Amino acid sequence: MIKMKTLAATALLACSSLFATAPAFAQNSNAEILTTVLERGVLRVGVLGAFRPWAFRAEDGSLQGIEVDLAKRVADSLGVEVELVEITSANRIQFLEQKRIDLIIGGMYDTADRREVVGIIEPGYWASGPSLMAREGAISSWEDVAGKPICAKQGVIYNQLIETRFGARLMAFGGNTEGKEALRSGKCVAWFYDDSSIAADLASGDWAGFEMPVDALFVNPWAAAVPIAEKDGAFGKVLSGLVYGWHEDGTLIDLQAEYDLQETAWLAQMHEDLEYDRSFLGE
Amino acid sequence: MLEFTAPLFLSLQKATGLNFSPFFDEYDFGRLMTGLQTSLLLIVCVLVLSLVVGLLGAAAQRSRSRLLRFLVAAYIAVFRNTPPVVQLLFFYFGLGAFTPQIDMGGWYEPMISAFGWAVIALGIFGGSYNVEIFRAGIEAVPKTTSEATEALGFTPLQTFIHVTLPLALRFSLPSLASNLISLAKTTSIAYVIAVPEMTYALSGVWNDRLNVGEMMTLLFVYYIAVVAIIGAVMGQLERRLAVPGLGK
């Protein structure tokens, strides 16, 4: 009986000590992330895990890709270690709000709605727009999707568009793999997703007999994001500067080439717009 | 419907920041309604199929054919020991790849829709539990009862239909109620194969509107209501069918 009592007391103590740490967390949440990250020595970046070639699991199980490289660059600039946290497009904003991650670099569109809840870092580091992948000859224009089942991924911001503007029947799956598998096995007529990702799929050689028959509906920048309170704080400013630098010095264009991606007009334009004019140096 | 709710929920949003968009936004309202219809239809279809499978399985368990008894035992072992979401994905992506396609005039659609596969997969999953529930009910009928019917000159089949089965169903009701409730809740996983039921519809809304807390609350309330209704119906049935003295 005494043993039981000791056990219960120990358990109670253990629990209360867990609660006791809660105020410490609360205090931390008031501090600026930059200070916390530097003290911690680790930057936690949310990246997608199944988003070839931006962030994906390599054969050895490690996360790799363009966004992973960018996350490492941010950590290197701050002189801290990087901890990659796998997120999905459906949970990433919650992860950021719950402070499970310090930063999202996860193929996220810059939208008006998101600007109200997270700190969108300007400028964007990539850009793409919604397009379709379909069996060759199945679709020839956007109007062709009316009334037809179209596969998509849950949580993608423009999903609503293909239903409201073109009258398609949307079937949204939890992941890209399921959505594309549904297309392959004939459960829908097309896969509705980003042109950049579709182009990467088509270039991979796994999709013989498929094509991207339509132009993207629009071009939308992808932005890194920090908690909204940090956007105009030190952390947000540092990130903004870093992304600006990646455009300015051609880092992003180099990454595009390194991962065998088609050159995009948007990256070239950004590089041209943001390149610092050094002609006064006589260069 | 929206004319009545919109002012209320818009002012709620203004006052508290709570965003119940399906009650003031037409598109989200449409999603909610589709979700509601699909979800309720899915629950009804799955429960009915699971009952049919359960009864057939329990009957097959009493068959003289050893092969048939073995097949039922194997079916129960497989479907009770694997997660329903795995079964659902297996049916949809595994078997679904081999089902015939229908020509819809220039494009094709599979003969069995995602909804159809959800009914089949979840009905068979729930049925595997129902077989055992009915078996337990049948075994709970006292031997002396069938001995008594034998003395009255009933054939074994007559005994089963007129005496054993009615009593067995009564014995089964409490466990059947909990299994049907559990099955109704499990239908929410149909969202993984894009069946537009409630979880799918509301996660669509919260992905677009970022009102996760509000939509999760709505989902929570919806399932409590559904479960309460099924519980009430089953409780009522139990009281209606109660035989004085049985099981005492």
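Which residues of chain B are linked in a network of salt bridges?

1. In this predicted model, Asp25(B), Asp28(B), Arg31(B), Asp208(B) and Arg209(B) are linked in such a network of salt bridges, and a search of the whole structure finds 15 salt bridges over all chains.

2. Asp208(B) and Arg31(B) are both buried.

3. Also in chain B, the side chains of Asp25(B) and Arg209(B) meet in a salt bridge at 3.1 Å, N to O. Here again distant parts of the chain are linked, with Asp25(B) in the loop between α1 (2-16) and α2 (26-61) and Arg209(B) in helix α8 (residues 198-209), 184 residues apart. Arg209(B) is partly exposed, its relative accessible area being 29%.

4. In chain A, a salt bridge joins the side chains of Glu86(A) and Arg57(A), with an N to O distance of 2.6 Å. Because Glu86(A) lies in strand β5 (residues 81-87) and Arg57(A) in strand β3 (residues 55-57), the pair ties together parts of chain A that are 29 residues apart in sequence. As for accessibility, Glu86(A) is partly exposed at a relative accessible area of 37%, and Arg57(A), at 40% relative accessibility, likewise counts as partly exposed.

Methods
Residues are numbered from 1 along each chain as its sequence is written. Chains are lettered from A and ligands numbered from 1 in the order in which they are written. This is a predicted model: local features need pLDDT of at least 70, side-chain atom pairs count only at pLDDT 80 or more; totals for chains, interfaces and linings use all residues. Side-chain values use heavy atoms; hydrogens and water are left out. A salt bridge is a side-chain nitrogen of Lys or Arg within 4 Å of a carboxyl oxygen of Asp or Glu. Helices (H or I, at least four residues) and strands (E, at least two) are DSSP runs, numbered from the N terminus. Buried means under 20% relative accessible area, exposed over 50%, partly exposed in between (1.4 Å probe, protein chains only).
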